[in-house]
Amino acid sequence: MLKLGIIGVGGYGWNNVLGFLNLQAEGRVKIAALADISTSALEDCRARPELSEARCFTDYRDLLDAPGLEAVLINVPIPFHREATLAALGRGLAILLEKPAVPLLSQLDELIEADREGRVMVGFQHVYSSLVTAARESIRRGGLGRLKSVSAWGIWPRPTSYYHRAGWAGQIEWRGLPVLDGPCTNAFAHYINLALHLCGSDGRSQGSPVGGRGEAYRARPDIPSYDTGFLRARLEGDIACSFAFTHAAARERGVTIRLAGSRGELLFSGNGRELRLPDGAVLCGDDGQMGLRRAFVAFARGDRERNLTPLEASRPFLSATHLMLAASGGIHQIPAEHSCNVARESGEDEEGDLACAIPGIERDMARCVEDFLTPGEAGLAWAADAGETMVSEGLEAEMLHGLGTGAGLSVPA
Ligand SMILES: NC(=O)c1ccc[n+]([C@@H]2O[C@H](COP(=O)([O-])OP(=O)(O)OC[C@H]3O[C@@H](n4cnc5c(N)ncnc54)[C@H](O)[C@@H]3O)[C@@H](O)[C@H]2O)c1
């Protein structure tokens, strides 16, 4: 049984606790140690009889020093990923690091340098789903022919409580650390990563952005970061690429990913749980969470081939999101006359827990993505003037410069 420690057991970490408890019930792992700065999150774990023997720590460094651990999950907030991963690498453990690996490309380079033995798997779970295996197989057999374009878009409304759930939510930086929280960089990161993953012909390499135009917008007036992002880019191999994701809408509209080639197309819908293959067959599946966990156990046991998401594979995703933010030249506030406050359609929101929505955003996003345009290029009424940029050594500095001047880093009054 793999002896496992879990760092961060509340929030999404609780999902991982429950998922690995299933593997503990199968006799594959033993959850031996838990760490969280929240004692109530630790107590919730302790209340489970299956975790009564697990040692609990409020400082994760003490967990990392606990004897006998073989692997660790890192579920702490994004700004702490770098520090926690470096500490765990120093202890020689296998690491399942939640997505996104880190906010910055320079931090990714630092982790790759520290991870010489290849111990880190990044928690982009969709890559481990049966549907993505089927998609990779179809591409490998030539179902798409020559890949020409990839596009992805999605709408998940997020109300005030989403931004109030944690100090780092909706922030560009927090406690002096980079966060870059926002739909493309966090909530929808899975789908951008998945779209780029599928552009790699061998299923392991990825589509790498070369350059393009990006626009990042803030409809909510009370967050420093963005809630709506667009990227129109070219990937290596002359592949056209278009992404659009927002939290600023009244109605949920799950994620669509389309890969179009000279012979056919692949279409993911339903937040990645439905796949239409080039031959018209439609498959349904899950989001890969258990597939990821099983692959991690095998990886931690020494089966390196099971790691489809090593640190290096996060580079195209970070290049794409840096490209969007750098080309945007900061975050553009959507004028008040083009946004409104709405309750989510589900009606589950508490009174006053409103989302900020851009009227017509669903139609506008569909048009932009289908035509490979940004809102500025499409001439939308609320669009800002943004430019093009290239992926280069200076991309991260260009992005931070844009975000760090004026409105980017401070909450507007
Ligand atoms: N794979 C997915 O589908 C998915 C979904 C949601 C979130 N996530 C990822 O999970 C991670 C956590 O996100 P969240 O929204 O649950 O965050 P969160 O702010 O709710 O924090 C998660 C837990 O970490 C604990 N924590 C905070 N700082 C800590 C520290 N220094 N040491 C130990 N514990 C600490 C918190 O008390 C909390 O219990 C992020 O990387 C996020 O991107 C992944």
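The model is predicted, so local features need pLDDT of at least 70 and side-chain atom pairs count only at pLDDT 80 or more, while totals for chains, interfaces and linings use all residues. Residues are numbered from 1 along each chain as its sequence is written, and side-chain values use heavy atoms, with hydrogens and water left out.

Let us start with the largest pocket, which has a volume of about 1200 Å³. Its lining has 43 residues, and those closest to the centre are Gly11, Tyr12, Asn75, Pro77 and Trp168. On a 1 Å grid over the protein atoms alone, a pocket is an open set of points with protein on both sides within 12 Å along at least five of seven lines; a cavity is a set where a 1.4 Å probe fits but cannot get out, and lining residues have an atom within 4 Å of a point. Points are joined across faces, edges and corners, and a volume is the space filled by probe spheres set on them.

Where does the largest pocket lie? Domain 1 (2–126) and domain 2 (131–286 + 311–408) both give residues to its lining, so the pocket lies between them; these bounds come from an automatic or database domain assignment.

The largest cavity holds about 40 Å³ of space, and among its lining residues are Ile78, Pro100, Phe317 and Leu318. This cavity also lies between domain 1 (2–126) and domain 2 (131–286 + 311–408), because both give residues to its lining.
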